[in-house]
Amino acid sequence: MANQLLEVKNIDVWYGDVQVLREVSLQVEEGTIVALVGANGAGKTTLLKTISGLLQPRKGEILFTGKPLHNLKPQDIVDRGIIHVPEGRRLFASLTVLENLKLGAYIKRARTNFDQSLKRAYDLFPVLEERKNQKAGTLSGGEQQMLAIGRAIMAQPKLIMLDEPSLGLSPILVKTIFEFIRTLNEQKATILLIEQNINQTLKIAHQAFVLKIGKIVMSGRGDELLANEEIRKAYIGERVRKQ
Amino acid sequence: MPGLSFVPQVIVNGILFGSMYGTAAIGLSLIFGTMRIVFIAQGAVIVLFAYFSFWLFDKLGIDPYLSLIPIILVSLLIGAAFYYGLFKEAAALKDRIGSLLIAVGLMFFLENFMTVVWTPNPRAVVTSYGFYAFNIFGIHLTLTRLIGLLLAVLATVGVSTFLRKTLMGTAVRATSEDVEASTLMGINPDRVNAVTFAIGIGLAAIAGTTMATTYSFDPVYGFEFAIKALVALTLGGIGRVYGALLGGILLGLIELLGTFFVGAGWSQAIVFGVFLLTLIFRPYGLFGGPSEKV
Amino acid sequence: MKDKIDTYLKKDKRNISIIIIALVIIVFGALPFYSDVDSFFAYYLFLCLLYIILAQGWNLVAGYTGQISLGTHAFFALGAYTTAIIWLNDVTKTWYYFDPLVMIISGFVPAIFAILIGIPLLSRLRGDYFSFGTLAAAEVLRILILRGGTFTQGAMGLRLPAEGFTGMGIYYWTALLLAILATAAVYFITRSRIGLALRALSEDETSAASHGVHILRYKVLAFAIGSFFMGICGSLFAYYLFIVSPPAVMNLNWMFLPILICVLGGNGTIFGPIIGAFVVGALFSYGDVFVGQVHPMLSGILIILVMKFMPTGIMGLKDRIFARR
């Protein structure tokens with residue numbers, strides 16, 4: 001195995017009396033895009049929340065660059081180099097675009113390279129520079145997603161976790177967002193991605209894990225899974241029928 | 001009906017008095033905005049600082065404006081200690097009932113503590129320059145009240161600048177909007193809350209010094225004062241720094257003009273009547289829409 | 001098969017709780033026959049029952065709407081003043097002392113007051129302000145009472161004719177009856193379909209908003225019912241004290257203690273307020289006797305300690321102990 005950036009080992013996660021994740025294990029190799037797919041309620045968001053420290057596993061461990069992570073607070077996990085872009089983006093709507101970006105670089109390590117990171121974010125998303133003094137709440141959906149990703153890279157993370165970045169966006173914007181994700185990855189960012197849009201996700205993912213009712217049921221290279229009959233039937237086919 | 005020629009004087013007094021409410025209201029607003037704590041003990045804390053000021057003046061002869069500096073430093077520590085010692089768990093759970101009760105317990109404790117230590121008798125800090133006054137266009141302005149207004153304005157500008165221009169201030173605003181998202185930025189919510197609490201209590205120290213130098217106070221005056229500060233906060237709109245100061249001044253005006261025209265008791269009814277009307281018709285305060293926070 | 005056993009067990013459990021509740025009520029109801037109701041202990045029980053009524057009234061609002069009312073003392077005082085004013089002005093031409101009609105009117109007046117302030121304050125927009133608003137409404141009432149001239153006698157208060165007094169028995173029974181009724185009201189309202197829906201919604205304000213106006217109607221109704229009990233409780237207290245004055249009935253303790261009782265007993269539970277009332281009643285009435293002047297300072301510390309170390313209350317403590325097994 002090559003250089004593992006993140007290793008989740010046999011974690012159990014509970015919400016009160018309900019077990020959401022069972023013995024989940026997952027590896028993210030440095031420099032790759034890893035996708036986490038599965039139906040609604042399978043526990044994808046829970047897994048991300050557990051990695052970012054918003055939830056604690058009852059059992060198992062999470063290693064990041066070989067060091068345990070699961071006993072740290074969310075803010076310390078950010079400091080270690082994992083940034084979580086949560087579902088629904090969760091921008092600070094009453095703050096300006098620039099203020100949101102500044103908070104992205106809140107941790108000490110990121111503050112010292114603030115100007116450099118800001119330039120990188122503006123280069124990737126020029127629209128953010130145009131609107132830097134506008135309140136984040138007044139941006140369009142696509143612009144908000146760009147800000148969310150821009151805010152994430154301000155922290156100079158080793159790993160970016162994206163929870164449904166294409167949610168609520170028009171098909172053209174979805175395509176753009178996927179391009180941005182690929183660009184980010186080409187700039188050496190490791191990405192852990194949750195998506196409903198399984199077809200496109202598996203196309204860009206180097207590695208993918210399928211989560212079903214709290215368990216990892218399958219994993220493999222993105223293109224392998226994309227070719228897998230079962231996956232096509234269970235996830236992609238279903239979506240096609242619905243549309 | 002007393003002569004209308006006094007009205008300008010009453011207006012000036014209302015502004016000067018109301019600025020003290022405003023200072024307290026900014027503190028309440030910050031604490032409520034970030035932690036959802038109705039810090040009803042704010043008034044008792046202000047009175048406590050007024051006693052500190054009184055005590056340092058009475059026992060050691062230290063000028064109240066000089067003692068304000070160490071009192072503010074101490075108050076910031078007390079504020080952080082209140083957060084870590086009393087409110088941390090309740091704030092994390094967003095438990096409004098719990099935090100309210102802790103604030104009530106603190107108020108009970110402080111009121112009775114002050115009664116035991118300093119007796120229930122009203123006190124005031126009477127300095128040699130306490131009666132020094134100017135006459136401008138027939139309006140009588142005492143020096144201490146003017147200093148009080150100046151302190152309130154400085155405090156407001158200071159807090160507002162802190163919130164707008166510093167990274168910590170931006171983090172305070174972000175946390176008041178979405179705690180979870182702010183922790184995902186690497187912001188330590190405890191640190192932000194402790195800083196906010198410290199500022200809130202620091203503002204109480206300023207209000208306390210003004211109270212000590214310009215008016216008289218007793219151990220149980222704090223509750224009434226805290227309610228007035230809540231009114232000022234509502235008039236100004238939760239989470240608005242300048243709004244809280246303006247709300248306080250407006251409240252001072254309503255109160256003193258009401259006292260002048262209809263008498264002290266009914267003026268209180270007018271104050272709360274205006275408050276209820278504001279709640280009903282302008283729930284986000286008199287000065288703007290719902291979108292802005294802190 | 002297993003299901004059947006479960007249902008039997010459930011039924012059994014239910015029967016047992018009904019029997020226990022009935023026994024407790026009988027023991028308490030018969031108390032005047034075997035114990036001296038004019039003793040300090042009986043005074044303590046009477047006080048606890050009053051606390052239960054107020055605490056359940058508050059519990060209903062908090063549990064049902066998720067809002068913290070800071071106006072309990074106002075509804076309590078309004079009930080007391082209604083009784084006194086009807087009596088002294090000879091309004092209903094009935095016998096006044098423990099007159100059911102007067103007591104019920106004394107419940108309705110605060111209920112109407114609650115509806116008037118509840119409609120604006122309970123709408124979602126103003127959610128944050130409900131606490132402030134109830135507190136302010138109480139202050140307005142205090143001023144109206146203080147400035148009420150001969151109608152309320154200001155700070156002096158109204159004195160009621162005490163000739164009718166025959167003993168504590170009737171006070172005790174009335175308080176017991178009201179405490180049972182208030183507890184039953186909380187029980188049935190929170191367990192009704194609408195009650196359950198509202199409880200779920202109170203945790204999720206956004207979806208509550210989308211349900212619009214009729215949610216507001218039920219919230220206001222809960223607030224009014226709670227205030228109704230608080231008003232009757234005030235009426236009973238007026239009969240007990242024979243003096244209705246701001247320091248006696250608008251005392252802030254009447255607001256804070258019910259909240260403390262609910263939280264100490266276990267917030268959002270039916271029986272929590274009952275346990276809480278006995279504990280708080282004991283601490284405060286006996287604290288008065290044994291500790292004297294410092295006791296408000298101690299009660300302040302007590303409130304803080306309870307909230308810090310037992311935020312889920314006594315009922316929550318029990319759950320935690322059982323969960324560990």
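## Basis of the description

Two residues are taken to be in contact if their C-beta atoms, placed from the backbone, lie within 7 Å. The model is predicted, and local features need pLDDT of at least 70, side-chain atom pairs count only at pLDDT 80 or more, and totals for chains, interfaces and linings use all residues. Residues are numbered from 1 along each chain as its sequence is written, while chains are lettered from A and ligands numbered from 1 in the order in which they are written.

## Contact between chains A and B

On that criterion, 20 residues of chain A are in contact with 18 residues of chain B. On the side of chain B that touches chain A, helix H6 (167-177) and helix H7 (179-183) of chain B are the elements that give two or more residues, where helices (H or I, at least four residues) and strands (E, at least two) are DSSP runs numbered from the N terminus. H6(B) gives the most to this side, with six residues.

By class, this side of chain B has seven nonpolar, five polar and six charged residues; Ala, Val, Leu, Ile, Met, Phe, Trp, Tyr, Cys and Pro count as nonpolar, Asp, Glu, Lys and Arg as charged, and the others, Gly among them, as polar.

## Domains of chain A

Chain A is divided into domain 1 (4-81 + 159-242) and domain 2 (91-157), with bounds that come from an automatic or database domain assignment. The C-alpha centres of these two domains of chain A lie 23 Å apart, and their contact takes 12 residues from domain 1 and 10 residues from domain 2.

On the side of domain 1 of chain A that touches domain 2 of chain A, helix H2 (74-80), strand S7 (159-163) and helix H8 (171-186) of chain A each supply at least two residues, and H8(A) gives the most, with four residues. By class, that side of domain 1 has eight nonpolar, three polar and one charged residues.
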